[in-house]
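Hi,

Here is the model I promised to pass on.

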Amino acid sequence: MTDATAHNLAWVQEILEDFWRTAPSNSLHLPGDEKAWEMPRLAVARGDDPWFARLKEMIGPFYWTPAEAFALAFPEAPAAPAELSVLSYVLPQTAATRRDQAQERELPAERWARSRFFGEQFNCDLRLHLAANLSAAGYPAVAPERLPGFDYRQSEGFGLASNWSERHTAFVAGLGTFGLSDGLITPWGKAVRFGSVVTKLALPASARPYGEDHQAWCLWHARGTCGVCARRCPVDAITTAAGHDKKSCHAYIREVTTPYTTKTFGTGATPCGLCQVRIPCEARVPL
Ligand code: SF4
Ligand code: SF4
């Protein structure tokens with residue numbers, strides 16, 4: 001890492017932390033004005049990391065590489081993959097949100113529903129704020145998830161899949177590996193959300209401590225033990241035999257948890273996340 005790239009990294013982390021500290025939207029909108037998230041943690045992937053092309057091959061031709069997302073935002077000045085850095089960050093759930101959610105067995109807790117709705121609104125603001133700050137400083141940047149073309153398609157191998165995945169990007173950046181439930185297990189656990197920005201700024205790529213093993217930190221995949229997330233799902237949408245059944249999961253969220261939280265808490269979005277707490281990987285790497 002050169003002095004210049006280390007300085008750039010510290011500057012990006014400061015943009016994230018400053019917005020996390022001061023943005024009014026980082027709130028659960030409860031009395032006492034609790035923050036929606038713990039402090040964001042940042043990692044960086046190279047724009048030409050071979051994993052991005054591999055993901056496109058696995059998920060489908062509709063999936064964007066960082067350079068493709070960048071070219072959609074800056075069609076007059078596209079960049080080569082090697083000129084780009086991919087910033088990926090984790091927003092951990094607060095201890096209070098995890099504690100409340102851990103008491104629930106069938107429906108999401110109020111704090112969880114609020115973090116999914118208000119917290120994700122903050123996450124959208126954070127992506128755009130980071131991209132705008134970088135661009136204003138002379139380093140063009142885009143948050144792919146905020147591009148007008150962001151949407152979901154049917155992938156042959158993965159079912160319904162988006163054309164930019166925050167979780168897969170976080171994996172490439174070294175932030176975690178996939179668990180039995182499909183969630184990403186990070187050093188701050190699985191009760192987290194992610195965001196990312198692609199920018200034409202030289203930054204040091206973060207280490208990927210698990211190498212190429214995309215399931216290294218899950219007890220089931222690594223040792224054949226645990227499976228607690230499967231027992232936490234009220235509709236058996238996770239099994240040790242077949243992993244995560246997206247169809248059952250989405251049906252439960254669409255038909256049960258979303259109408260419940262909308263009616264009970266007045267929040268929108270599509271919360272559930274019972275499988276993300278009261279598990280060994282809730283707030284840490286369990287190995
Ligand atoms: S709860 Fe256990 S089986 Fe499920 S993702 Fe975490 S470590 Fe893996
Ligand atoms: S998010 Fe899906 S897999 Fe997880 S507990 Fe809810 S329904 Fe089950």
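Let me start with ligand 2. The residues of its shell split into nine nonpolar, two polar and one charged, where Ala, Val, Leu, Ile, Met, Phe, Trp, Tyr, Cys and Pro count as nonpolar, Asp, Glu, Lys and Arg as charged, and the others, Gly among them, as polar. Among the residues around ligand 2 are Arg232, Cys233, Cys249, Cys272 and Cys275; being near here takes a C-beta atom, placed from the backbone, within 6 Å of the molecule.

Some housekeeping: this is a predicted model, so local features need pLDDT of at least 70 and side-chain atom pairs count only at pLDDT 80 or more, while totals for chains, interfaces and linings use all residues. Residues are numbered from 1 along each chain as its sequence is written, chains are lettered from A and ligands are numbered from 1 in the order in which they are written.

Ligand 1 has 14 residues around it, and Gly179, Cys218, Cys226, Cys229 and Cys281 come nearest. Its shell has eleven nonpolar and three polar residues, with no charged ones. Two helices, α7 (219–223) and α8 (228–232), each supply at least two residues of that shell. Helices (H or I, at least four residues) and strands (E, at least two) are DSSP runs, numbered from the N terminus.

Next, helix α1 (residues 3–22). Its 20 residues should span 28 Å at 1.5 Å a residue, and the end C-alpha atoms are 28 Å apart, which agrees; the expected span is 1.5 Å times one less than the number of residues. Asn8, Leu9, Val12 and Leu16 are the buried ones in α1. Seen down the axis, the buried residues of α1 fall within an arc of 100°, so they line one face of the helix; the arc is that of the directions from the helix axis to the C-beta atoms. On the other side of α1, the exposed residues include Asp3, His7, Glu14 and Arg21. I call a residue buried if 20 or more other C-beta atoms lie within 10 Å of its own, exposed if 12 or fewer, and partly exposed in between, with C-beta atoms placed from the backbone.

What does the buried side of α1 pack against? Its buried residues pack against β1 (41–46), β2 (85–92) and α5 (110–136), a contact being two C-beta atoms, placed from the backbone, within 7 Å.

Strands pair if DSSP finds at least two bridges between them. β1 and β2 are joined by six bridges, with Leu42 opposite Tyr89 in β2. Even so, β1 is mostly covered, as five of its six residues are buried.

Two loop residues are worth a look. His29, between α1 and β1, has a positive phi near 55° and is partly exposed, with 16 other C-beta atoms within 10 Å. Asp182 sits between β6 (177–178) and β7 (184–185), with a positive phi near 85°. Most residues other than glycine have a negative phi.

Cheers
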